[in-house]
Amino acid sequence: MGRFRRGAAAAFGTALALTLAACSGDSGGGSDPGAAPAAPAAAAGNAINLTGACPTRIVVQTDWFAESEYGFLYNLIGSDAKIDTGKKRIVGSLVSDGKDTGVDVEVRFGGPAIGYEQVSAQMYVDKSINLGIVSTDEAIQNSASQPTKAVFAPFEVSPGMIMWDKSKHPNFTTLVDIGQTDTKVLYYETDAYMQYLLGAGILRRGQVDGSYEGSPSRWVAEDGKVAEAGFATSEPYIYKNELGDGHSYDVNLQLVNDTGYPVYGQALSVRTGDEAKLAGCLKKLVPIMQRSQADFMAHPQTANALIIKAVKADAASVWSYSPGLAAYAVQTMKNRALVSNGSNATIGDMEQSRVNRMIQILTPIYAGQKKPVRSGLTPADLFTNQYIDTSIGLT
């Protein structure tokens, strides 16, 4: 259940605080990959037919089971969708605005379906994957050996969070409050954001526990006295409504983004070396992705029904997904502006300053782990807005 997924770093034992001060400014510089083209990358009329421009089947690797956080992907799949529980995927015609684009789309599940491997690593193992869900911190971590470049950010703000029970901790309003107590904070040991929180002095090393493996058992055993990492779009609903055995917890939370860790969560990315080969496809496909996200946020029912059906079809899976959780996820994405146009009228574009800040934060962390990032890494190595249609946004 609880899974602040796809952490990008192993535990880091050196003092980050000394490096944060030196990294606090936005050095910027150079051309801005965040500057979308003055004209739309692809007009809506040109984006419908993908035949010839794209592979006959576009394969997208996600990092978890089917869920509403990736509704924009499932919204692309036509009425001929086939759920393959054996190969952990859904395949069907790729549609845009209800019209067949001439190619198929295959959305693959992640997490246990790929042995909990990072998506960027899986993309280099399986070259049949065209696009993968890769967060900024993962892209930075693997920039030297498995480089990826983001072409569309479905989340303006990552839903990654740390939560606590309201009744057990009525005085907590932020993670700084937690850091001033001895409250244990459960998280996945591989989550890079935790090393930032420790180095910035927001939490203390003695109170964090990296043994969390996604189960609510520790939380329940301690009757909600611990704090726990997860997703704002899922755990708060699950812990209040779906734990069973009479267990129900009303939680509060703070997004990790709001502590000064401006990661782009689960950005749609390509292998860096494949960008040129896929450029013609991306010019048409990325605007379709943008429209699909806008359409899903306005009308999530069809995609959510497919997601729920796919999860239910795999009787052997440990993952479950209820209509209530699906609706809650979408509403939370709206209420917390996790999916939004950001500072302009365009959905899915990325800001150079945010990516540069992530490089500044993570470079010393990975150096301390003896896993240095690519030498001279810049935001332009990690994302591009050139395929974004600036006319497409939420209304």
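Which elements each supply at least two residues of the lining of the second largest cavity? Keep that in mind while the tour passes through the sheet and its helices.

This is a predicted model, in which local features need pLDDT of at least 70 and side-chain atom pairs count only at pLDDT 80 or more, while totals for chains, interfaces and linings use all residues. Residues are numbered from 1 along each chain as its sequence is written, and side-chain values use heavy atoms, with hydrogens and water left out.

**The sheet**

Start by selecting the seven strands that form an open sheet in the order 2-3-4-1-5-12-6, with mixed pairing. Strands (E, at least two residues) and helices (H or I, at least four residues) are DSSP runs, numbered from the N terminus, and two strands pair if DSSP finds at least two bridges between them. At the edges you will find strand 2 (82-84) and strand 6 (148-152), each of which pairs on one side only. Neighbouring strands of this sheet are turned by 35 degrees against each other on average, direction ignored; axes are lines fitted to C-alpha atoms, for helices over the stretch in contact, and angles run from 0 to 180 degrees between N-to-C directions.

Next, select strand 1 (residues 57-61) and strand 5 (residues 131-134), which run parallel and are joined by two bridges. Here Val60 stands opposite Leu131 in strand 5.

Within helix 9 (residues 275-298), pick Ser292, which counts as buried at 5% relative accessibility. Buried means under 20% relative accessible area, exposed over 50%, and partly exposed in between (1.4 Å probe, protein chains only). Leaving aside neighbours within four places in sequence, Ser292 is in contact (heavy atoms within 4.5 Å) with Phe72, Asn75 and Leu76.

Helix 10 lies across strand 2 and strand 3, running at about 35 degrees to strand 2. Select Ala310 in helix 10 (residues 301-313), a buried residue with a relative accessible area of 3%. Apart from neighbours within four places in sequence, Ala310 is in contact with Ile83, Ile90 and Phe109. The C-alpha atoms of Ala310 and Glu67 are separated by 9.5 Å, although these residues are 243 residues apart along the chain.

**A pocket and a cavity**

On a 1 Å grid over the protein atoms alone, a cavity is a set of points where a 1.4 Å probe fits but cannot get out, and a pocket is an open set with protein on both sides within 12 Å along at least five of seven lines; lining residues have an atom within 4 Å of a point. Grid points are joined across faces, edges and corners, and a volume is the space filled by probe spheres set on the points.

The second largest pocket holds about 340 Å³ of space. Of the 21 residues that line this pocket, the closest to its centre are Tyr74, Asn75, Ile77, Val95 and Thr302. Strand 3 (89-96), helix 9 and helix 10 are the elements that give two or more residues to this lining.

Finally, turn to the second largest cavity, whose volume is about 60 Å³. Select its lining residues, among them Val134, Thr136, Lys149, Ser269 and Leu382. The opening question is answered here: helix 4 (136-141), strand 6 and strand 12 each supply at least two residues of the lining, and the largest share, three residues, comes from strand 6.
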